[in-house]
Amino acid sequence: MTDNGGQWERELVTKLATAALREQRRARLWGIFFKLLFFAYVTLIVVYAVDWKGRGDMTGGKKHTAMVEVSGIIAPGSDASAEKVTGALQAAFKDKNTQGVILRINSPGGSPVQAQTIYDEMRRLRKKYPDIPLYAVVEDICASGGYFIAAGADRIYVGRASIVGSIGVLMNGFGFTGLMDKLGIERRLITAGENKGMLDPFSPLDEKDKEYIKGLMKDIHEQFIGVVREGRGKRLKETPDMFSGLIWTGAKSIELGLADGFGSLEFVAREVIKAEDIVDFTEKDRLLEKVAKRFGAGAASALAEFALKSSGGFR
């Protein structure tokens, strides 16, 4: 009885000590968690203050050239989305010290709807602010939707080796019917509406559907052509293949009237607008937003790990 009693007491002491150790570890983890939370809170406040100050002093009260970037694919949610570009243009024109606005374009194109929205806003702002010129400066590429936007500028400047043009519209996809036949796969497509399954990649291509889509593409293409003719006016030297989707060098684009001359961002600001100081109005994620996104992802991971450990992960 004495030995059994002693063993029972030792087991009880061991269990109590283990439980106490776990509680200490949990308490320590909670302490670390709240310290990190407080540190993150203070950091975000400091970052916000610095970011806000930087934005407020962006123009510095001096006469300047305003610059807006159109870089990458033109699509909703991208850096070159209509929302971001039009917002940046509005801020650039509204600034009382802006002497001229430059769209610096480096884009292979994208959504025709997004490009049209940007183009329309460019034309609206030029009418609202008739004394502020709007120029496009092409870097490596200004094709398709990128050129759609450029056509809305007063003048277009390019590099000799810039790629310009691709005035056309496309829709592409894939067909898997041959592969499905080889694998013995049967497609079961049920629709309400005879055209609801149009261009389904797992069904044979219907010529009627193909002709309909070609008509749709032609309509959008004509809109694109209309924008180029409106924007370039008599400067355009139309050729049979101008609107065929071909691309040209910057030098050739000047010959065709698709561009006006050679010039970099700095050259246009200094020699054309006569305001050498360049202020970037491009809408980008603020420092606070970048930190918040990174902190959010890191905090979620840390919190998950913390929850796992605090629930008994030390066992």
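Helices (H or I, at least four residues) and strands (E, at least two) are DSSP runs numbered from the N terminus, and buried means under 20% relative accessible area with a 1.4 Å probe, protein chains only.

Before going on, note that this is a predicted model, where local features need pLDDT of at least 70, side-chain atom pairs count only at pLDDT 80 or more, and totals for chains, interfaces and linings use all residues. Residues are numbered from 1 along each chain as its sequence is written, and side-chain values use heavy atoms, with hydrogens and water left out.

Now select residues 265–273, which are H8, and pick out Leu265, Val268, Ala269 and Ile273, its buried residues. Look down the axis of H8: these buried residues fall within an arc of 100° (taken from the directions from the axis to the C-beta atoms), so they line one face of the helix. Step just past H8 to Lys274, which has a positive phi of about 70°.

Next, select helix H2 (residues 82–94) and helix H3 (residues 112–128): their axes, lines fitted to C-alpha atoms over the stretch in contact, come within 9 Å and cross at roughly 10°. That makes H2 roughly parallel to H3, a label for angles under 35 degrees.

Finally, zoom out: the chain has 9 helices and 8 strands, and 34% of its 315 residues are buried.

How values were computed:
Buried < 20%, exposed > 50% of the residue type's maximum accessible area, 1.4 Å probe, protein only. Axes fitted to C-alpha atoms, helices over the stretch in contact; angles between N-to-C directions. Parallel < 35°, antiparallel > 145°, perpendicular 65-115°, else oblique.
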